[in-house]
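Hi,

Here is the structure I said I would pass on. Have a look at it first, and then read on for what turned up.

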Amino acid sequence: MEFHLGKAIQSLRKKRSISQGEVAQQLHVSMQAVSKWETGKANPDLSLLPGLAELFGVSIDELFFEGTQMPAEGEILEQNSSGWNQIARTAWAGTHLPSYGPYSPSEENLCLFGDVRGKSVLELACGSGKSLVWMAERGARELWGLDISETRIGQAKSLLRAAGKEANLLSAAMETNPGIPRSHFDIVYSVYGLGWTTDLNATIARVQEYLKPGGSFIFSWDNPLMQCVDAIDGQYILSSSYVDEREIEIQKMGVRGLRLKNWKLSSYLNCLSEHGFLIQRVVEESTYEQAEANLFREGKYYSAGKARLINPVIIVKSKKI
């Protein structure tokens with residue numbers, strides 16, 4: 001990955017709605033100097049870095065992290081597709097209905113889907129197809145699934161065939177429409193998959209496109225704060241920024257190179273609203289055994305102790321208006 005301090009300055013300046021003139025005024029330099037930094041024609045003097053970091057509300061380390069250019073969207077999708085093909089060959093089970101995620105209430109308790117008999121449903125990031133089988137067993141009329149991993153789609157086809165169920169399964173990124181019918185579905189859902197989108201706006205636009213008027217979109221994903229809280233030395237500490245929505249690297253089952261963006265909860269909700277969705281319910285609850293919650297688990301990402309402090313999972317139900 002290439003480092004470009006000027007791109008970091010530009011990115012942070014735009015995130016905080018600060019003009020080049022304001023940066024110049026705060027650092028006692030010319031606006032032309034700021035412009036040259038951002039275009040890569042020059043770099044700020046090292047003595048200016050503390051002032052830049054203070055202006056943008058970040059540490060100097062974070063300033064340099066922002067300047068590390070991440071792979072382009074297409075490259076990230078290719079990396080994630082390859083990574084999930086590898087994960088599919090491991091014992092990874094994933095999350096599937098009726099579960100919404102670790103330490104969260106289940107669909108059996110929440111009843112967000114209601115009666116799915118006779119409904120047409122589409123799952124984004126359908127994985128091995130277990131949630132689609134769950135839908136079919138409850139009377140869903142028409143099943144569609146989309147996943148970035150060809151290997152996962154192959155597994156889903158085998159699972160549904162073994163269960164005697166028919167489904168239309170496609171391997172593609174959720175940001176694009178690979179041939180899914182428009183204004184067709186009663187329900188679009190994603191169980192622990194939506195957060196892998198590289199372009200939230202494009203993905204929600206596709207969901208709006210697929211649903212009938214009045215159709216439901218339901219998804220679950222990590223509480224974005226989970227990426228910011230660590231269990232260290234007997235304490236849960238806030239170890240990174242929640243507000244920056246930076247791209248992060250994920251490792252699963254020994255597979256490295258997976259990347260996602262840690263979208264804030266408000267980003268999901270505002271994007272839904274902008275695309276004509278009515279937010280019907282947001283679930284931020286944890287379920288755990290009290291005895292387990294009293295145990296501190298060093299370095300553990302999911303734990304009952306952490307779930308006692310913040311809900312590990314967010315679940316959102318919305319309706320296309």
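Ile248 has its bridge partner in β9, namely Leu260. Strands here are DSSP runs of E with at least two residues, helices are runs of H or I with at least four, and both are numbered from the N terminus. Strand β8 (residues 247-252) runs antiparallel to strand β9 (residues 255-261), with five bridges between them; two strands count as paired if DSSP finds at least two bridges. Two residues separate β8 and β9 in this hairpin, and Met253 in the turn has a positive phi of about 50°.

Before going further: this is a predicted model, with residues numbered from 1 along each chain as its sequence is written. Local features need pLDDT of at least 70 and side-chain atom pairs count only at pLDDT 80 or more, while totals for chains, interfaces and linings use all residues; side-chain values use heavy atoms, with hydrogens and water left out.

Now the sheet. Seven strands make up an open, mixed sheet, in the order β3-β2-β1-β4-β5-β11-β10. The edges are β3 (168-171) and β10 (277-283); each has a single partner strand, so one side of each lacks a neighbour in the sheet. From one strand to the next the twist averages 15° (axes are lines fitted to C-alpha atoms, for helices over the stretch in contact, and angles run from 0 to 180 degrees between N-to-C directions). β2 (residues 142-147) pairs with β3 in the parallel sense over four bridges, and Trp144 has Asn168 in β3 as its bridge partner.

Two helices to look at on that sheet: α9 (residues 150-162) packs there, touching β2 and β3, and its direction makes about 165° with that of β3. Helix α10 (residues 200-210) packs on the sheet too, touching β1 (120-124), β4 (185-191), β5 (211-222), β10 and β11 (313-320), at about 145° to the direction of β5. Contact means heavy atoms within 4.5 Å.

What about the interior? Leaving out residues up to four places away in sequence, Phe113 touches Leu97, Tyr100, Glu107, Met135, Ile187, Tyr189 and Ile218.

On to the rings: the count is 12 aromatic pairs, taking Phe, Tyr and Trp rings (the six-membered one for Trp) with centres within 6.5 Å, and calling planes under 30 degrees apart stacked, over 60 edge-to-face and the rest tilted. One of them is Trp84 with Trp196, edge-to-face at 5.5 Å centre to centre and 90° between the planes. Trp84 sits in helix α6 (residues 73-87) and Trp196 in the loop between β4 and α10, so this pair ties together parts 112 residues apart in sequence. Both Trp84 and Trp196 are buried (under 20% relative accessible area; exposed is over 50%, partly exposed in between, with a 1.4 Å probe and protein chains only). Ring pairs join Trp84, Trp92, Tyr192, Trp196 and Trp221 into a cluster.

Cheers
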